[in-house]
Amino acid sequence: MNTISTAVRPTIAAPRSSRRWLALSILALAQFLVVLDASIVNIALPVLGRQLGMDTAALTWVITAYVLAFGGLLLLGGRLADRYGHRRVFLIGTTGFVAASALAGLSFSSEMLLAARAVQGASAALLAPAALALLTHLFPDAKERTKALGVWGAVAGIGSAAGVLLGGILTATLGWQAVFFVNVPIGVIVLVAIPVLVSRDGARASGRLDAAGAITVTAALVALVGALSAVERLGFQHPLPLVLFAVAVVLGVVFVAVERRSADPLVPLAVFRNRDLALGNIVMLLAGAAMVALFFALSVYMQAVLGYDALTAGLTQLPLAGALVLVAGVVPSLIGRLGTRPVLAVSLLVLAAGLVWLALAPSDAVFLTQLLGPTLLIGVGLGGGFVATTQLAVEGVEGGEAGLAGGLINTSQQIGGAVGLAVLGTIAGLRTASLEAGGASTAEALTGGFSWLFLGAAGLSIVGAGVVMVWRRR
């Protein structure tokens, strides 16, 4: 039985809110925090490490602790939201995120900070899929939902681009603790507003939670994200990534076997009969890989090669973020006229063109003449791509599976980002080492490595566009 077609559908006769657009703004604010927190900490790491006595290896865990918990628990978080109520789970996740952020800012030891980061990630895994599910309930009409997803896509893109800027400003003016404390007042606003704006959860899925499925898929995702993080730090030659990859594969096979036998599975495999949902998740894997690698490399390139300080590097992201926001506002009307797939394919090709253009930038690039153009083009491609991809991933999904759909698309983005950073980062490192061995200066070698990374990200975008164009609906 296809669980999507039999799930409870939210109806216009029983709206979740009389102020839906205001409710969407608050939900988007929470999503902004989740996306922002994956990148805002990067700029603060050197200062944080000096004050807490953390070496480079320990500092990587400040990022990894968050990503492992977030990526590993997203599917479980989405299913918990479907079963126990989207609003309830959203509020629980937001409460945990705010408390963990405060704990991280108050940390006086590395152990305390890493524990807080893990709780942040776990809370975000509850918050993010539940928030997207609430959006589908607030806007059951396809046309309005597309507009709402335009806002959602813009917020996700801005959060990724704003991390470097806000991280630089807050660390320079208020100290590293501020990158965590900034979440607290915003989170409190969300916690106060959502119970007022969104009605209580209605009928929910019945039955027992698939504990075996939850354990195996969570362990498999943690092992996979851990393997990709290990590749980034240790390279493909080290045995640890290979061991973790093998564990992830074995657990993934066990999970599929469990789900096929379960009477009430955590992830009904029939959900993938929705070909739009399946396509949306495939494209998000590719786009997430390109985006995370891009923002990481662009930040390092501007600071390590061009000599920008953290604040200047952040300010250079503003045109990209502005283009992303403007395009995300226009894309819903284009989707209404042309359809989701054509808009998505063109957006991915525009993104690829911007990345290829960026790969041509030299080691002494001038921002206005050699970087502004490609970053604007990248902003246009990301704005259209993320809105259209998210739209695909929730098309045809009924209320009872909305949390699962939110968990899937967020998981695809996280796994894609980890894959992109590990693989493209390794390629860039090998190219840099090769150029340095050939006598190139450090700046020229780094630029050559980043050029390969940008070209690799462009290739992923082109593959995504090709998949969109050949993917059949049935």
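## Salt bridges

In this predicted model, the count of salt bridges comes to four. One of them joins the side chains of Arg-117 and Asp-37, with a nitrogen-to-oxygen separation of 3.0 Å, which falls within the 4 Å cut-off applied to such pairs. Because Arg-117 belongs to helix H6 (residues 110–138) and Asp-37 to helix H2, this pair ties together parts that are 80 residues apart in sequence.

## Packing of H2 against H9

Helix H2, which spans residues 20–37, packs against helix H9, which spans residues 183–197, at an angle of about 150°, and the two axes lie 9 Å apart. Since angles over 145 degrees count as roughly antiparallel, H2 and H9 are therefore assigned to that class. The crossing of H2 past H9 is left-handed.

On the H2 side, the residues in contact are Leu-22, Ala-23, Ile-26, Leu-27, Leu-29, Ala-30, Leu-33 and Asp-37, and they meet Asn-183, Ile-186, Gly-187, Ile-189, Val-190, Ala-193, Ile-194 and Leu-197 of H9. Sorted by class, this contact comprises 13 nonpolar, two polar and one charged residues.

## Confidence of the model

The chain has a mean pLDDT of 83, and 91% of its residues reach 70 or more. Over residues 1–13, however, the pLDDT is below 50, although this stretch has 27 contacts in the model beyond near neighbours in sequence.

Conventions
Residues are numbered from 1 along each chain as its sequence is written. Side-chain values use heavy atoms; hydrogens and water are left out. Axes are lines fitted to C-alpha atoms, for helices over the stretch in contact, and angles run from 0 to 180 degrees between N-to-C directions. Helices (H or I, at least four residues) and strands (E, at least two) are DSSP runs, numbered from the N terminus. Angles under 35 degrees count as roughly parallel, over 145 as roughly antiparallel, 65 to 115 as roughly perpendicular and the rest as oblique. A crossing is left-handed if the near helix is turned anticlockwise from the far one by less than a right angle, and right-handed if clockwise. Contact means heavy atoms within 4.5 Å. Ala, Val, Leu, Ile, Met, Phe, Trp, Tyr, Cys and Pro count as nonpolar, Asp, Glu, Lys and Arg as charged, and the others, Gly among them, as polar. pLDDT is the predictor's confidence in each residue, from 0 to 100.
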